[in-house]
Amino acid sequence: MDESSSHSVTPKSKDAKKKSSSWASAMVVPLLAVFTALVIGALLIAFTDPVVLDAWKHFFADPMGALAATWQSIAVAYGALLSGSLGLVEIWKALGVWLHGGGTEALAVAMVPLSESLTASVPFIFAGLAVAVGFQGGLFNIGAEGQLLVGALSAVYVGYSFPGLPIYIHLPMALIAGFIGGAIWGAIPGLLKAYTGGHEVITTIMMNWIIISISAWLLKVGGPMSRGELPITPEVLPSAQIPKFFSTQGNRFHAGFFLALITAFLIFWLLYKSTKGFEIRMLGANFKAAVYSGINVKHLWVFVMALSGALAGMAGTVQALAIDHWVGMGFSGGMGFDSIALALLGRSHPLGVVLAALLFGTLRNGATRMQSVAHIPIDIITIIQALVIVFIAAPEIIRWLYRLRQPEGEEAPIFTTSWGS
Amino acid sequence: MAPVLELRNITKQFPGVLANDHINLRLEEGEILALLGENGAGKSTLMNILYGLYEPDEGEVFIRGEQVAIEGPADAIRQGIGMVHQHFMLIPVLTVTENVMLGDETVSTPIRILKRDKVAARIRELSEQHGLHVDPDARVQSLSVGVRQRVEIIKVLYRHANILILDEPTAVLTPQEADELFDILRSLRQQGVSIIFISHKLREVLELADRVMVIRRGKVVGETKTEEADQAQLAEMMVGRQVALTVAKGPAQVGEPVLEVKDLYVMDDRLQMTVDGVSLTVHAGEVLGVAGVQGNGQTEFVEALTGLRQVRAGKVSIDGEDITNASPRKLVEAGVAHIPEDRQADGLVLRFPVADNFVINTYYKPPFAKGWRVNRAAIDEQAERLIRDFDIRTPSAYVPVSNLSGGNQQKVIVAREFSRPIRLLVANQPTRGLDVGSIEYIHQQLINKRDAGVAVLLVSAELDEIMGLSDRIAVMFHGKITAVVDANEVSKEQVGLMMAGSSLEEALKQAPARSDAPIEAIL
């Protein structure tokens, strides 16, 4: 017992200060993790480049040459990554042209890399929120991949099946279908956990396989959802497509981005401002105390899994209704698994998830250009993402590298309850 | 002659806490030194440094006058230092011999086969020499807690320790078992073993130790020969102020029955019928103490009463209303308060701020909820009030409750449970592991609730606590209530015998009756 500490409650202003500093300390490890991963990525880029390796063979004859070659290789690759994902220089130039009386056409073209990055991050935001909600409730939802597919299939089905509806009826119908599809696919593992004790890690993985196989049947040529001779669904009707902005110049930026931000805010409100969120966070922080405090944990497990599944479903829904307009095999392409990394990087906080999703979207999008300009395989981004996850999961590495102290009173975030619980 | 063990200027800084501040300690050959202090005073840190588990920031260790470096438990064992931890480090499915050998296996050459016989013989020898009565071939899981502790002692002696550290060894023992342990320790002392005995129980320290050293907030605040000390003086040194060692309480104003339990049967996790036909009644305005050695069904009994465990058969009612197998929420609404046995596992959400922990079972109701919304203002206002009223030491209402000391964590639970109108208070081990100051406070709060007309069911393995607080005592043994007696009509020794399985008649015959003097200490 510390008798020197004050009895009274600290005034609000001091408390606010404390909060902001804990915010900053929460950001340190993720930021350094990303930075470190990019540094290692740079070394990988440089030392798989034959030119650089050749220059290093003559290191003792020409040390500056070796270093210059290394730098050159990294600069080209990351330069391409930056211009391909943000293209700020081009935007700046196009802005100048526009201000001096030029048309908006150049500007629209210059905006493509940035708008593509934002577009790519939209499904990441939804899927990241899905996993984050699970983590907050102490559940490890590995099933986002499958829930996303169920959501996309449901939304697309509604999207092509009801011709003649106005957009303000048809589009919400398709969105709700995707939401509900994901929710059902997520609720099943929740029910299994609550009433049979089946661990959600196992059951969500199995649910992934089940929907992948079902979708193979649905989409095979001649299958119930196939498009005649093609193993993909029919095209979503325009009345169920999410509207795009300035789509003339190949911009695909769409309204789903704002829907994602609104959803992130709603999830934030739910988790931190509502009584339901209080329950969810209590369940995640201490299962036994949640039981003690009178929460019906079985119902709550089902609720959290359904919500998580619904959010994952929205990731697939928005991607399908805005960008692809159809669903084929391999639709999700591992996005559901990337979202686990995202949620970890964002510390399961909605704002953190949004930031992490923007980062992932940017990296993914920039990597395409990096591949075409610098001939760096797109897989380097996968490696960088994997490194980020390793550093987030093992923060001691980062603390050791940068000589950080373990922040006081802060425990490693608990992502899930133990096996068999 | 140089002392067996000397610590000089041991200093250990943890982030934010100076756990040990230039501590000096001398242990003479064949001496029992008690290390007395509240939880968090730094006793365990000091002993962990001595055992090589922590590295001190400063300071030296001397063994028989020679400076030594202890970098791990292996070094400590080599220097003849042995430690008996509070939580036993035994493997239940192995035999005593196998447990003793573990980590230091005696094997034959060249084919490495365990020489169990040789070790068993040595264990028999040690057991006889020190009166330990341990069968080397018994499996540990079949042994009582007291015997398991003696196995721990054998483990240490087997490794030729002559400096023995015991960390709160009596916490898990019945009074009789504790007496046996003291006899063993005295016999060890006679044979030249030097002992450091960590405790926060004043009575034990005075009974057993030759010398006592009191630590408060990382510093040595006093050292005295036990024959020159008394409880009040030690308590004052330990806490830093005068402490009331007994709870002032008047006679109970017993009212209507509140809790009625009839033929209750409850199973534990292994599906053993751990509560085996219990019937009890607790009235408004009285404290019913359930005495029993840990593991006799009290945990399951309390869990069944508070909605955390399924009742297999029987009936529980409050104010005449049947609440058998009601959910925890329904019980909260019926006016049941529960101070759980394991405060960190059940009673608190450690990562949540103090303010939120005050509402973990009322957050869904006004004023803390407004529709779907959490009403921060009401939660904060209550937090401020409870922190003030219950004198909870915390830098603010918004730090995680994990940052608080054990005593203050318990106060958070007590404050929460007392912040709403209640009819029945179920307190399971409410002061376990707490410091004297907090114990005093929580005991007073329990009595205040009793005097306010609440029915109090107190479950405790601390016999002194039961004796000091209860109006009636129910003894629980092997899942059954073996006796319910008026607290004023039995002596501590008699209850102790019943806790160990004697019937009421046997206990009254065998143990000295209660003298009229009030019970000396409840600590």
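Predicted model: local features only at pLDDT ≥ 70, side-chain atom pairs only at ≥ 80, totals over all residues.
## Second largest cavity

The cavity lies between domain 1 (5-239) and domain 2 (244-335 + 421-523) of chain B, because both domains give residues to the lining.

## Domains of chain B

The domain assignment divides chain B into domain 1 (5-239), domain 2 (244-335 + 421-523) and domain 3 (349-420). The centres of domain 1 and domain 3 of chain B, taken over C-alpha atoms, are 39 Å apart.

## Largest cavity

The count of cavities of 30 Å³ or more comes to 4. The largest cavity has a volume of about 80 Å³. Chain A contributes A:Tyr292 to its lining, while the residues from chain B are B:Thr306, B:Leu308, B:Pro328, B:Leu331, B:Val332, B:Val336, B:Ala337, B:His338, B:Asn361, B:Glu417 and B:Arg420. Helix H10 (328-333) and strand E16 of chain B are the elements that give two or more residues to this lining.

The lining of the largest cavity comprises 7 nonpolar, 3 polar and 2 charged residues. Domain 2 (244-335 + 421-523) and domain 3 (349-420) of chain B each provide at least three residues of the lining.

## Second largest pocket

The second largest pocket holds about 770 Å³ of space. It is lined by 25 residues, of which A:Phe287, A:Val291, B:Asp269, B:Leu308 and B:Arg309 are the closest to its centre.

Several elements supply at least two residues each to the pocket lining: helix H8 (167-196), helix H12 (287-292) and helix H13 (297-324) of chain A, together with strand E11 (257-267) and helix H9 (298-305) of chain B. The largest share, 4 residues, comes from H12(A). The lining of this pocket divides into 11 nonpolar, 5 polar and 9 charged residues.

## Six-stranded sheet of chain B

Chain B contains an open sheet of 6 strands in the order E16-E19-E20-E13-E21-E22, with mixed pairing. Strand E16 (336-339) and strand E22 (480-486) are the edge strands, each pairing on one side only. On average, and with direction ignored, neighbouring strands of this sheet are turned by 15° against each other. Strand E21 (residues 472-477) of chain B pairs with E22(B) in the antiparallel sense over 6 bridges; within this arrangement, B:Val475 has B:Ala483 in E22(B) as its bridge partner.

Two helices of chain B lie across strands of the sheet. Helix H15 (residues 436-451) lies across strand E13 (287-291), E16, strand E19 (424-428) and strand E20 (455-460), and runs at about 150° to E20(B). Helix H17 (residues 492-499) lies across E13, E21 and E22, and runs at about 30° to E21(B).

## Hairpin of E9 and E10

Strand E9 (residues 211-216) and strand E10 (residues 219-225) of chain B pair in the antiparallel sense over 6 bridges. B:Val214 stands opposite B:Gly222 in E10(B). The hairpin has 2 residues between the strands, and B:Arg217 takes a positive phi near 45°.

Definitions and conventions
Residues numbered from 1 in each chain as written. Chains lettered and ligands numbered in written order. Heavy atoms only, no water. 1 Å grid on protein atoms, 1.4 Å probe; cavity = no way out; pocket = protein on both sides within 12 Å on 5 of 7 lines; lining within 4 Å. Points joined across faces, edges and corners; volume = space filled by probe spheres on them. Nonpolar A, V, L, I, M, F, W, Y, C, P; charged D, E, K, R; others polar. Domains from an automatic or database assignment. Pairing = 2+ DSSP bridges. Axes fitted to C-alpha atoms, helices over the stretch in contact; angles between N-to-C directions. Contact = heavy atoms within 4.5 Å.
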